[in-house]
Amino acid sequence: MRIAMIGTGYVGLVSGVCFSDFGHQVVCIDRDGEKIARLDRGEVPIYEPGLEALMRKNIAAGRLTFSTDLAAGMKDAEAVFISVGTPARRGDGHADLSYVYAAAEAIAAQIDDYLVVITKSTVPVGTNREVARRIRAARPEADFDVVSNPEFLREGAAIEDFMRPDRIVVGLESDRARAVIAEVYRPLFLRETPIIQTGLESAEMIKYAANAFLATKITFINEIADLCEKVGADVQSVARGIGLDRRIGPKFLHAGPGYGGSCFPKDTLALVETARAHDSPVRIVSTVVEANEARKRAMAGKIIAAAGGSVAGKRIAVLGVTFKPNTDDMREAPSLVIVPALREAGAEIVLCDPQGRKEGEALLGEASWAGGPYEAAESADILVLITEWNEFRALDFGRIRAAMKGDLIVDLRNVYLPAEVRAAGFSYVSIGRS
Ligand code: NAD
Ligand code: UGA
């Protein structure tokens, strides 16, 4: 199959690389010339474990190329994916669909033979029908179908998620499109990956409902964690105790500083707006959005309270700034709220993150950066863990204690054992563990 991938970001690049690894001929297209130039040199512009090696393998095999030229990239393509960004629109929270529609209109101009246009970007209900309408308006004679194929990969585990998904969701309305999709995903069909075939609207809704449900699960355990602290319970025991019930499941029950990332925050907001537009409120999701925003702000208060009510003049070492480990993505990261609030409260900040510095330097303002956790701890009054990178899990607490001036550790991800940290002479505060 000849596949064109429009938008070569976290989703487009991973999908393009994986499709080429399936044996397809893939051109990844992006309007960002610098990104394409780097990819042409074999460099991956994002941090995603395993991606560079797989990409180089498929470039070498002649199955994967990159281009800024949409017309050239789409030549002879049988399937074209739209995987451009759909960020929250400034001001109203609706998904900004301008990139999707721009891509659709650019595709319309290039249709020769029958083409399947597949939307992988996360788009609100009705968007795929509008994509089809716009292509039809631009090229009334064109032979094409539009398919909704939302993506469920997670950053940091993207290749594994793409290669071994829990399911594939496709919204489509023609047998010809179904045949093309079957070919595109053949290796996964052969592995008996469950395929959910629906109409366009249901496929679009599945993506938002899935993300909103996961965001709700996290927010639920976060609020239970706060209550655990007040009543003398341990949220990790509670999460295990409820997670073993197969109707609930153990995943996404890790209490923390609030969810971040490029998707949960914007997708929950967009779902609330879709619901508002259809006069069919999703009250639970609205509350999740509100609770999560409040939680990120509350984390700075928690640190200040642990420090005895003030961090003015205190040196705080922050471990982890990305929204989760194994990515360099800083979008909606809790650190973007917590770090400025601590600085505003008078603290001096030292930051440390295995991959977050490049993005984080511009976003996190005045702070110094340390090369590792021990360097960050040097002369610090307080050590705060925000993102649970593996590099921060197995710390030598004796060494940290010797480096630090103060003795307070605030662990917003519950990665340390309270007894061990306290035995090393620290005062230790975590989430939902009284
Ligand atoms: P991203 O911002 O990393 O990448 C988008 C890319 O599209 C950019 O490189 C941009 O230059 C390019 N682009 C925009 N308009 C273009 C055009 N007209 N022609 C060519 N290129 C264009 O975004 P992302 O994180 O990959 O997300 C893409 C979509 O996938 C979003 O809708 C998102 O919600 C969804 N999604 C993301 C993830 C994730 O983990 N990041 C997972 C599942 C779904
Ligand atoms: C999430 C979904 O998991 C993917 O299925 C989906 O495709 C993607 O959004 C998307 O639509 O873009 P991602 O944002 O990469 O993936 O990362 P997650 O692992 O879901 O984490 C999201 C946030 O929730 C992070 O800030 C993480 O720290 C937080 N989280 C996650 C918790 O606080 N507790 C948990 O138990 C799990």
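## A contact at ligand 1

In this predicted model, a nitrogen atom of ligand 1 lies 2.8 Å from a polar side-chain atom of Glu-155, which is a polar contact, the term for a pair of N or O atoms within 3.5 Å (within protein, one must be able to donate a hydrogen and the other to accept it, and residues adjacent in sequence count only if both atoms are side-chain atoms). Taken alone, ligand 1 exposes 830 Å², of which the protein buries 88%; such accessible areas come from the Shrake-Rupley method with a 1.4 Å probe, and for residues only the protein chains shown count as cover.

Oxygen atoms of ligand 1 take part as well: one is 2.6 Å from an N or O atom in the side chain of Asp-30, and one lies 2.8 Å from a backbone N or O atom of Val-11. Ligand 1 is surrounded by 24 residues, each having a heavy atom within 4 Å of the ligand. This shell divides into 7 nonpolar, 9 polar and 8 charged residues, where Ala, Val, Leu, Ile, Met, Phe, Trp, Tyr, Cys and Pro count as nonpolar, Asp, Glu, Lys and Arg as charged, and the others, Gly among them, as polar.

## The surroundings of ligand 2

Around ligand 2 there are 18 residues, with Phe-152, Leu-153, Lys-207, Cys-263 and Arg-413 the closest. Oxygen atoms of ligand 2 are found 2.7 Å from a backbone N or O atom of Leu-153 and 2.9 Å from a backbone N or O atom of Phe-323. Of the 700 Å² of accessible area that ligand 2 has on its own, the protein covers 91%.

The shell around ligand 2 consists of 9 nonpolar, 3 polar and 6 charged residues. Helix H10, residues 200-231, gives the most to this shell, with 3 residues; helices (H or I, at least four residues) and strands (E, at least two) are DSSP runs numbered from the N terminus.

## Domains and the whole chain

Both domain 1 (2-198) and domain 2 (199-434) give residues to the shell around ligand 1, so ligand 1 lies between them. The domain bounds come from an automatic or database domain assignment.

The chain contains 18 helices and 14 strands. Buried residues (under 20% relative accessible area, with a 1.4 Å probe and protein chains only) make up 53% of its 434 residues.

Residues are numbered from 1 along each chain as its sequence is written, while chains are lettered from A and ligands numbered from 1 in the order in which they are written. Local features need pLDDT of at least 70, side-chain atom pairs count only at pLDDT 80 or more, and totals for chains, interfaces and linings use all residues, while side-chain values use heavy atoms, with hydrogens and water left out.

Terms used. Buried < 20%, exposed > 50% of the residue type's maximum accessible area, 1.4 Å probe, protein only.
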